[in-house]
Amino acid sequence: MSSKFLGKSLAELHQEMGQIPDISVLTGGERVIVKQIPLNQISPNPDQPRKHFSEKELNELAESVRKKGVLVPIILRGVKNKPYLYEIVAGERRYRASQIAGLKEIPALVKTLDEKNAMEIALIENVQRENLNPIEEAEGYKNLMEKCDYAIEDISKLIGKSESYIRNLMRITTLPDSVKELVKSGELSASHARTIAVSDNPEQLAHDIINNKLSVADAHKEVNTTDRAKTSRSFTKTTMDPVYVEKLESRLSETFNTHVKLREKRGGAGEIIIKFTNRIQMEDLIKKLQNN
């Protein structure tokens with residue numbers, strides 16, 4: 001492209017060059033298409049980690065879109081059995097701002113993604129770019145664990161945050177909805193929320209913290225004088241020794257002649273993942289399991 005076009009937005013190029021053609025790029029075994037998609041053919045992702053969108057920030061972004069266009073394409077995936085409809089994987093803020101700005105279409109990368117990949121991308125974008133509130137972030141991690149079979153160590157590697165950070169943050173997913181709303185609104189900090197999550201009466205403690213302006217240290221003292229929630233053990237229970245887990249995995253791998261992964265989750269629950277590379281190996285594994 002000529003140097004005179006450098007630095008211009010997609011909207012400005014569209015005005016000067018006319019209709020921008022679709023761009024099809026093959027990366028690995030996947031074909032990625034950059035194209036202009038009508039907004040009325042796009043729907044939000046129900047598993048989008050971000051549930052709250054600041055009206056002020058959206059209006060500011062809409063004003064930028066009016067002036068410069070959408071500088072970064074959003075990411076979409078096709079809707080099954082509906083060839084002209086798409087679901088947002090990443091970029092819902094840009095999509096909403098484009099609606100406010102009155103755009104009819106938006107530049108997008110159309111990718112072939114399964115639910116797991118779509119959830120990964122959505123979470124990464126939101127955590128790294130858009131500062132999710134603590135509840136949304138914790139629920140995003142919970143979704144990866146429950147819907148995509150992720151362990152905390154997997155999420156840690158995916159987003160670049162420590163396992164202890166993720167484990168502690170996920171405590172707040174057990175809080176009552178009324179307390180979660182206080183965290184979302186900013187009335188109760190994530191640190192306070194994590195502290196009272198182990199209490200049998202977090203609602204009362206939350207209001208005590210807000211009304212009396214208690215510090216996190218003070219909240220700890222309050223928690224220590226109250227009954228503990230039964231669910232609190234699921235986050236404080238000591239997990240199995242990693243060396244022991246490795247030995248169990250090795251024994252299972254030898255038994256089934258394939259890679260086996262053992263994952264312990266909260267409260268001592270967990271899963272055993274047995275991998276296979278083809279249909280024949282799968283059927284052989286099923287026979288072994290049925291005979292044991």
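1. Glu92 belongs to helix H3, which covers residues 92-101, and in this predicted model the residue is buried, with a relative accessible area of 5%. Leaving aside residues up to four places away in sequence, Glu92 touches Pro44, Asn45, Gln48 and Phe53.

2. Helix H5 (residues 134-148) packs against helix H6 (residues 152-159) with the axes 10 Å apart and an angle of about 125 degrees between them. On the H5 side the contact is made by Tyr141, Leu144 and Met145, and on the H6 side by Ile152, Ile155, Leu158 and Ile159. What is the make-up of this contact by residue class? The residues divide into 7 nonpolar, no polar and no charged.

3. Within H6, the buried residues include Ile152, Ile155 and Ile159, each of which also takes part in the contact with H5. Asp154 and Ser156 of H6 are buried as well. After H6 comes Gly160, which has a positive phi, near 80 degrees.

4. The axes of helix H8 (residues 177-184) and helix H10 (residues 202-212) come within 9 Å and cross at roughly 30 degrees, which makes H8 roughly parallel to H10, the cut-off for that description being under 35 degrees. H8 passes H10 in a left-handed crossing. Ser178, Val179 and Leu182 are the H8 residues that meet Pro202, Glu203, Ala206, His207 and Ile210 of H10, and by class this contact has 5 nonpolar, 2 polar and 1 charged residues.

5. Strand E4 (residues 74-79) pairs with two strands, and the direction should be read separately for each: with strand E6 (residues 105-111) it runs parallel and is joined by 4 bridges, whereas with strand E5 (residues 82-90) it runs antiparallel and is joined by 5 bridges. Arg77 stands opposite Lys111 in E6, while the bridge partner of Leu76 in E5 is Ile88. The hairpin of E4 and E5 has 2 residues between the strands, and in this hairpin Asn81 takes a positive phi near 65 degrees.

6. Backbone angles deserve a separate look, because most residues other than glycine have a negative phi. Lys213, although not a glycine, has a positive phi of about 55 degrees; this lysine is found in the loop between H10 and helix H11 (216-224). Is Lys213 buried or exposed? Lys213 is exposed, with a relative accessible area of 76%. Asn257 likewise is not a glycine and has a positive phi of about 55 degrees, and its place is the loop between helix H13 (242-256) and E7. Asn257 is exposed, with a relative accessible area of 62%.

7. Glu264 is in strand E7, which covers residues 260-264, and is partly exposed, with a relative accessible area of 25%. The C-alpha atoms of Glu264 and Val245 are separated by 9.1 Å, the two residues being 19 residues apart along the chain.

Technical notes:
Residues are numbered from 1 along each chain as its sequence is written. This is a predicted model: local features need pLDDT of at least 70, side-chain atom pairs count only at pLDDT 80 or more; totals for chains, interfaces and linings use all residues. Side-chain values use heavy atoms; hydrogens and water are left out. Buried means under 20% relative accessible area, exposed over 50%, partly exposed in between (1.4 Å probe, protein chains only). Contact means heavy atoms within 4.5 Å. Axes are lines fitted to C-alpha atoms, for helices over the stretch in contact, and angles run from 0 to 180 degrees between N-to-C directions. Ala, Val, Leu, Ile, Met, Phe, Trp, Tyr, Cys and Pro count as nonpolar, Asp, Glu, Lys and Arg as charged, and the others, Gly among them, as polar. Two strands pair if DSSP finds at least two bridges between them. Angles under 35 degrees count as roughly parallel, over 145 as roughly antiparallel, 65 to 115 as roughly perpendicular and the rest as oblique. A crossing is left-handed if the near helix is turned anticlockwise from the far one by less than a right angle, and right-handed if clockwise.
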